[in-house]
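Have a look at the model first.

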Amino acid sequence: MSNDLTFTHRFEPGNRLEAPPLLLLHGTGGDENDLLPLGKTISPGSALLSPRGKVLEHGMPRFFRRLAEGVFDEDDVRRRADELADFVESARARYGIAAPVALGYSNGANIAAAMLLLRPDVLAGAILLRAMVPLSQPPQADLRDKPVLIVSGKLDPIIPATNSAQLAALLTKAGANVQHPVLPTGHQLSQADLTIGQEWIKAVRFLQADKAAAV
């Protein structure tokens, strides 16, 4: 574990060149250790970069402030997304990794979505598990052909189905290649999330390899 580069974080080197680095972003109350098993399961051999959110809500780490459940402090969202993007760029230089695919859950998925909209060049793509629209007035982002997986829960008591659908439409309009499966589950993760994430990232690797071969 390291607390330099402005965020307390964990970094685990990868051992498969074809496996993209993952930026692991935990949910409310998590820390830099929480999503390491998930990252290893979804993309074995990937380098893992896992920061701890700096905002505390009743002692629980988060990546940005909220005013109430589902109501975000959008000024803080913007500031924290920039801060996290700067950290990722510094960590890439420190550890010698490519632009990562964000793998975020809940609050972590929301800050990843904000990074896609505000600093799109920092991420190679994203897996957003139980994500919401992070900004009511998002900027015009260029996400051309950037792969994004949004996995929502049909029975999620926190995120309305219309909100996650709006996020998918927003990212698609910006040019991202979005897949948005909706599972018959709630806010918690399920085995289906893992299976979908594994299949998606394998397909993304295949497409990236095809593009490299074409060049």
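An unreviewed UniProt entry places the feature "domain: Phospholipase/carboxylesterase/thioesterase" at residues 22-203; UniProt positions follow the numbering used here, feature names are shortened, and annotations may be inferred rather than shown by experiment. This is a predicted model, where local features need pLDDT of at least 70, side-chain atom pairs count only at pLDDT 80 or more, and totals for chains, interfaces and linings use all residues. Residues are numbered from 1 along each chain as its sequence is written, and side-chain values use heavy atoms, with hydrogens and water left out.

**Domain span**
- Residues 22-203 are 37% helix and 23% strand, with the end C-alpha atoms 15 Å apart (DSSP runs: helices are H or I, at least four residues; strands are E, at least two; numbered from the N terminus).

**Nonpolar cores**
- A nonpolar core is a set of buried Ala, Val, Leu, Ile, Met, Phe, Trp, Tyr and Cys residues joined through side-chain atoms within 4.5 Å.
- The largest one has 43 residues, and M115, L128 and L171 have the most contacts inside it.
- Elements giving two or more residues to this core include α2 (74-95), α3 (107-118) and β9 (125-129).
- The largest share, eight residues, comes from α3.
- Another core, of 20 residues, lies apart from it, and L22, Y105, I127 and I196 are among its members.

**S50**
- S50 sits in strand β3 (residues 48-51).
- At 1% relative accessibility, S50 counts as buried (under 20% relative accessible area; exposed is over 50%, partly exposed in between; 1.4 Å probe, protein chains only).
- A polar atom of the S50 side chain lies 2.7 Å from the backbone oxygen of E32.

Key. Polar contact = N/O pair within 3.5 Å; in protein donor to acceptor, adjacent residues only side chain to side chain.
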